[in-house]
Amino acid sequence: MEDLNPLHGTAHLLEEVDKKLMVLLRDGRTLIGYLRSVDQFANLVLHRTIERIHVGNEYGDIPRGVFIIRGENVVLLGEIDKEREQNLPLKEISVEEILDCQRREQEQKQEKHKLISKALKERGLAENNEIAEEF
């Protein structure tokens, strides 16, 4: 089957310029903005960028403006479907509320991790980072 698109690799991203994209970063952040520029390393420049934070079925958007992203930090990139975006099954809440929810969620995860670590220690098992500390 013949490839109808002559662009290969990161050159495919040139077709996405001026479109609204969602970018998932290696550190877990989700950015949404308009792609303004891309280079051969898949470095991106997003305009009118927001950082969207999800906790459960709620989300909050933090305005970030122009955002430059190194290509190596991109995990996932896709165009936003405007119709589907309007009908999200999520509830938008204020930035302060979503940041508070995110903090509580992280504290719960840390507490759960501590309990698991304690249970492993009681059974004579150690996590990888504890094994490294012993040497």
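A nonpolar core is here a set of buried Ala, Val, Leu, Ile, Met, Phe, Trp, Tyr and Cys residues joined through side-chain atoms within 4.5 Å. Buried means under 20% relative accessible area, exposed means over 50%, and partly exposed lies in between (1.4 Å probe, protein chains only). The model is predicted: local features need pLDDT of at least 70, side-chain atom pairs count only at pLDDT 80 or more, and totals for chains, interfaces and linings use all residues. Residues are numbered from 1 along each chain as its sequence is written, and side-chain values use heavy atoms, with hydrogens and water left out.

**Confidence**

pLDDT is the predictor's confidence in each residue, from 0 to 100. The protein chain has an average pLDDT of 85, and 85% of the residues score at least 70. Over residues 130-135 pLDDT stays under 50, and for this stretch the model has 2 contacts beyond four places in sequence. Contact means heavy atoms within 4.5 Å. Where pLDDT is low, the predicted coordinates should not be read in detail.

**The sheet**

Helices (H or I, at least four residues) and strands (E, at least two) are DSSP runs, numbered from the N terminus. Two strands pair if DSSP finds at least two bridges between them. Strands of a sheet pair through backbone hydrogen bonds, either parallel or antiparallel.

Strand β1 (residues 20-25) is antiparallel to β2, with 5 bridges between them. In this pair Leu21 stands opposite Gly33 of β2. The β1 and β2 hairpin has 4 residues between the strands, and Gly28 there takes a positive phi near 95°. Tyr34 faces His47 of β3 as its opposite residue. The hairpin of β2 and β3 has 5 residues between the strands, and Ala42 in the turn has a positive phi of about 65°. β3 and β4 also run antiparallel, joined by 10 bridges, and Thr49 stands opposite Gly65 in β4.

**Buried residues**

Strand β2 (residues 30-38) is mostly covered, with 7 of its 9 residues buried. Thr30 belongs to β2. Thr30 counts as buried because its relative accessible area is 13%. Not counting residues up to four places away in sequence, Thr30 touches Met22, Val23, Leu24, Ile50, Glu51 and Arg52.

The largest nonpolar core has 12 residues: Leu13, Leu21, Val23, Leu25, Leu31, Leu35, Val38, Ala42, Leu44, Leu46, Phe67 and Ile69. Two or more of these residues come from each of β1, β2, β3 and β4 (58-69). A second, separate core of 6 residues includes Ile53, Val55, Ile62 and Ile93. In soluble globular proteins, nonpolar side chains tend to be buried together. Leu46, one of the residues of the largest core, has contacts that include Val23, Leu31, Leu35, Phe67 and Ile69, leaving aside its neighbours within four places in sequence. Gly33, Tyr34, Gly65 and Val66 are also among the contacts of Leu46.

**Salt bridges**

A salt bridge is a side-chain nitrogen of Lys or Arg within 4 Å of a carboxyl oxygen of Asp or Glu. By this rule the count is 10. The table gives three of them, including two that share Asp100.

| Salt bridge | Closest N and O atoms |
|---|---|
| Asp27 and Arg29 | 2.8 Å |
| Asp100 and Arg103 | 2.4 Å |
| Arg104 and Asp100 | 2.4 Å |

Arg29 counts as partly exposed because its relative accessibility is 31%. Asp100 and Arg103 lie 3 residues apart in helix α2 (residues 95-122), so about one helical turn separates them. Arg104 and Asp100 are 4 residues apart in helix α2, which again means a separation of about one helical turn. Asp100 is partly exposed at 29% relative accessibility. Arg103 is partly exposed, with a relative accessible area of 38%, and Arg104 is partly exposed at 38% relative accessibility. Salt bridges link Asp100, Arg103, Arg104 and Glu107 in a network.
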